[in-house]
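Please look over the sequence and the 3D structure shown here before reading on. The briefing that follows goes through its main features, grouped by topic.

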Amino acid sequence: MNVLIQPDDARLTVALQRPALDAGKLTETVNNVLASVKLNGDTALFDYTEKFDGVRLQTLLVSEAEIEQAGKQVSTSLKSAINQAKNNIHKFHAAQKRNEEKLETTQGVTCWRKSVGIERVGLYIPGGSAPLFSTILMLGIPASIAGCKERVLCTPPSKDGSVHPAILYTAKEVGVTKIFKCGGAQAIAAMAYGTASVPRVDKIFGPGNQYVTTAKMLVSQQGTAIDMPAGPSEVLVIADEKADPAFVAADLLSQAEHGADSQVVLVTTGEKIVQAVLDQIHVQLAALPRKETAEKALANSVAIVVKDLTQAMQVSNRYAPEHLILAVCNAEETAAQVVNAGSVFLGNLTPESAGDYASGTNHTLPTNGYARAYSGVSLDSFVKKITFQEIRPEGLKNLGPAIEEMAAAEQLDAHKNAVSIRLKSLEK
């Protein structure tokens, strides 16, 4: 890690910069994939799957037999863990349901709001060396609670044409309606446009590499909603002199092992803490199977020493991390200063891993500084809030003249007349 001691504003700005992508070339590549899938449908999906995943499929849809077989391959202990996580995530998201009351804004004028599930949602789940079946829980459960009628899942197959058993088992557990062997930008295209096999959806959720992320951004400009913009995953840990260096190191490494471009930031109030954490990173890193990946991420990471926790929080709010861990005394008091963060973890016994898997909160969170304006995925992400209003005769008499006055001032006579003609009808 690069270590900065009391950096000035200019050095801090450089240290907190996210990696820049070659957006032009990336966009061109992804646009070509989107256009091909839109034009050629399933044929393009089969071709891209062979090209990028190394397997020529006969069908994209995962069969019931494959799902049933996957259930037999998942260990009892993992099923138990998934079930515990499922229950907690369901509790947390079900509690977000609200029954909104009707409100009389003016006598005779009633307004209210209703949540309606998005009819068709697409869930993208990365595969490869780290199949993220936990993300299925994070997306499938709120989609089910929200009442989304069609819940489509796309995930890339392995070279033998199979899908990781834990992905299939978890998808069944949360009520995914269809599962397709399809990954990358081509999967996003399939869900955005629809093909003979893959149904078109109204909103796409889920993480992915830079090609998936770019594809989501591009289709969002063409009428398909997405959960949020995204970049590489990231964590910022604030540690004081009472923090356990082994815990802090473990949290930094748990983020670094996601990918070489993962963002890892340590902000602390003492140089001794930095050295203690670095020593622990060295010890723990040696035992990690994904050591090489974590090392690449750590090479571009930074530890920043500041004068106090107030300054530490200023750095954090400026960075707007996806994950913020407060490994400090009186963590709840410090948490009150959080302005920009995707999800916050309080105290020395609360690792990011808890939110990633099983505490109940959602792990699909804004990255790349988008926490300044975006929230993480929640039940609200899967519903539309539709407003309703009803005006009775006394309401039109009470409110109508104000509407007429405002419409006339904007020179929209048809708007005014829509009220006037009704008021006249009440005079009869």
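A nonpolar core is a set of buried Ala, Val, Leu, Ile, Met, Phe, Trp, Tyr and Cys residues joined through side-chain atoms within 4.5 Å, where buried means under 20% relative accessible area, exposed means over 50%, and partly exposed lies in between (1.4 Å probe, protein chains only). This is a predicted model, in which local features need pLDDT of at least 70 and side-chain atom pairs count only at pLDDT 80 or more, while totals for chains, interfaces and linings use all residues. Residues are numbered from 1 along each chain as its sequence is written, and side-chain values use heavy atoms, with hydrogens and water left out.

**The chain as a whole**

- The chain has 17 helices and 14 strands, which are DSSP runs numbered from the N terminus (helices are H or I with at least four residues, strands are E with at least two).
- Of the 428 residues of the chain, 46% count as buried, and the C-alpha atoms fill a box of roughly 90 × 60 × 45 Å, taken along the principal axes.
- Among contacts (heavy atoms within 4.5 Å) in the chain with a separation of 6 or more, 75% are accounted for by residues 24 or more positions apart.

**The nonpolar cores**

- The largest nonpolar core has 37 residues, and those with the most contacts inside it are V121, I136, V176, I179 and F382.
- The elements that give two or more residues to this core are α4 (64–73), α5 (76–94), β4 (120–124), α6 and α7 (165–173), and α6 gives the most, with nine residues.
- A second, separate core of 30 residues includes Y48, L60, C182 and M191.
- Leaving aside neighbours within four places in sequence, V121 is in contact with several residues, among them A143, V152, F205 and F382.

**Helix α6**

- Helix α6 (residues 133–146) has 14 residues and reaches 20 Å from its first C-alpha to its last, close to the 20 Å expected at 1.5 Å a residue, the expected span being 1.5 Å times one less than the number of residues.
- Because 13 of its 14 residues are buried, α6 is largely enclosed by the rest of the structure.
- After α6 comes G147, whose phi is positive, near 90 degrees.

**The three-stranded sheet**

- An open sheet has the strand order β2-β3-β14 with antiparallel pairing, two strands being paired if DSSP finds at least two bridges between them.
- At the edges stand β2 (103–106) and β14 (383–391), each with a single partner strand, so one side of each is left without a neighbour in the sheet.
- Strand β3 (residues 109–117) is joined to β14 by nine bridges, and C111 has Q389 in β14 as its bridge partner.
- β2 and β3 pair over three bridges and form a hairpin with two residues between them, where G108 in the turn has a positive phi of about 95 degrees.
- Helix α16 (residues 393–409) lies across β2, β3 and β14, running at about 95 degrees to β14; axes are lines fitted to C-alpha atoms, for helices over the stretch in contact, and angles run from 0 to 180 degrees between N-to-C directions.

**Helix α17**

- In helix α17 (residues 413–426), the buried residues are V419, S420 and L423.
- Seen down the axis of α17, these buried residues fall within an arc of 100 degrees, so they line one face of the helix; the arc is that of the directions from the helix axis to the C-beta atoms.
- On the other side of α17, A414, I421 and K424 are exposed, whereas what covers the buried residues includes α16.
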